[in-house]
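Dear colleague,

I am handing over the structure below, and after it I set out what was found. Please read the notes with the structure open beside them.

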Amino acid sequence: MGKYDYSKFTQDGWCDELREQEYWGLHEVDGRIEVDVQRFKYACEQATAMECFPKELSDIGEYYIPSKKKRYDYTSNYLSDSICSLKEDWEQEYKPLFEKISSPKDAEDNYRLTTMAMFGNSDTFESIELGSKWAMLQRMGTYNRIINELNCVFLIKMCTEINRILLRALSMELYQNPDYSVRDLITYCNARGNVRVQSLKNWNVYSKYNNVYNLLKHNSRRAYEVLEKYNPECLRKDTRVEYDNGMFSYNWINLEEVSVDEFLEEINPFLMDFCEKVLGEDVNRADWDYDGYFLGTFHECCDPMEYHGIYGACGMSPFD
């Protein structure tokens with residue numbers, strides 16, 4: 001028998017006993033959760049949920065009080081969850097919108113189908129085919145413009161969201177500046193420790209997309225010059241005029257070098273390195289090293305439908 005008495009629990013009744021927090025070795029001590037490591041592991045085994053047992057716990061000792069209380073006490077968790085949410089919105093909600101836009105091929109097929117239905121016969125086939133090709137060519141310019149503009153619109157949205165969640169994360173760390181810019185970020189981070197923010201992983205990605213964002217947002221000659229100086233690959237090379245204030249910057253962005261997919265994929269290493277080197281967090285432990293993780297595991301394994309709110313969503317209750 002260890003620190004806690006588990007003798008009231010019997011192997012024969014383990015299914016019912018899984019519903020008791022003490023069975024899992026989770027005990028409240030001064031408002032915190034103390035984990036009986038071996039008991040928690042045993043309960044995970046009985047619930048066939050060993051994926052919920054952090055392997056790092058095996059090397060910690062007999063009892064453990066997590067470093068944090070809540071998931072978002074780790075800034076890295078807030079940032080990584082926010083990025084996942086943005087990725088889901090992009091893949092499931094926004095990206096499918098591109099398929100709704102009538103393409104040159106759609107214009108060609110629609111012209112052919114409509115014209116054949118009205119005048120179709122062997123004598124007019126060649127002229128109808130010629131007309132359908134002309135409809136395709138007419139649509140090509142408009143289609144490319146709309147696709148280009150949509151990509152730029154969503155780039156602006158994603159850059160805005162990344163800066164928003166980064167500012168929110170800084171505010172969670174007592175950042176009190178009422179303003180925010182890349183220069184403010186550099187000043188804040190460099191004041192926090194010995195690391196230069198420009199040396200963080202994928203800083204070049206964050207900087208690159210902020211430069212693109214500034215041109216798309218301001219349409220100014222200065223923003224163009226900054227992008228041209230630091231990220232010239234992001235600008236189209238086939239333009240024949242010199243950029244000036246107020247020109248439509250969307251037409252100047254090289255979408256072969258700039259994409260929402262790349263930004264969302266490559267920004268996370270920067271954010272995690274920021275949390276680790278600037279804020280001093282252990283991002284490898286952040287996913288489980290808090291009270292809520294162990295309580296959440298207990299509640300989910302007891303009754304997953306109740307824990308995730310499925311009963312109410314489908315008109316059921318655990319008492320039906």
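Where is Ser-181 found? In this model, which is predicted, Ser-181 sits in the loop between helix H5 (125–172) and helix H6 (182–192).

The side chain of Glu-161 makes a polar contact, at 3.0 Å, with the side chain of Arg-164. Trp-134 is likewise found in helix H5, but this residue is exposed, with a relative accessible area of 53%, and together with Leu-137 and Met-140 it makes a nonpolar surface patch of about 320 Å².

Turning to helix H8, which covers residues 221–230, the buried residues there are Ala-223, Tyr-224 and Leu-227. Seen down the axis of H8, these buried residues fall within an arc of 100°, and therefore they line one face of the helix. Arg-222, Lys-229 and Tyr-230, on the other side of H8, are exposed, while helix H7 (203–218) is included in what covers the buried residues.

How many salt bridges does a search of the whole structure find? The search finds 14, and some of them are described here.

One of these joins the side chains of Arg-71 and Asp-81, with N to O at 2.9 Å. Arg-71 lies in the loop between strand E3 (63–64) and helix H3 (75–94), whereas Asp-81 lies in helix H3, so the pair ties together parts that are ten residues apart in sequence. Arg-71 also meets the side chain of Asp-287 in a salt bridge of 3.2 Å, N to O. Since Asp-287 belongs to the loop between helix H9 (260–277) and helix H10 (291–302), this pair ties together parts that are 216 residues apart in sequence. Arg-71 is partly exposed at 23%, as is Asp-81 at 23%, and Asp-287 counts as partly exposed at 44%.

A further salt bridge is formed by Lys-208 and Glu-262, whose closest N and O atoms are 3.2 Å apart. This pair links distant parts of the chain, with Lys-208 in helix H7 and Glu-262 in helix H9, 54 residues apart. Lys-208 counts as buried, at 10% relative accessibility, whereas Glu-262 is partly exposed, with a relative accessible area of 25%.

With kind regards

Methods
Residues numbered from 1 in each chain as written. Predicted model: local features only at pLDDT ≥ 70, side-chain atom pairs only at ≥ 80, totals over all residues. Heavy atoms only, no water. Helix = DSSP H or I, 4+ residues; strand = E, 2+ residues; numbered from the N terminus. Buried < 20%, exposed > 50% of the residue type's maximum accessible area, 1.4 Å probe, protein only. Arc of directions from axis to C-beta. Contact = heavy atoms within 4.5 Å. Polar contact = N/O pair within 3.5 Å; in protein donor to acceptor, adjacent residues only side chain to side chain. Patch = residues over 30% accessible without salt bridge, like charges linked within 9 Å, V, L, I, M, F, W, Y side chains within 5 Å. Areas by Shrake-Rupley, 256 points an atom, 1.4 Å probe, with all protein chains shown as cover. Salt bridge = Lys/Arg side-chain N within 4 Å of Asp/Glu carboxyl O.
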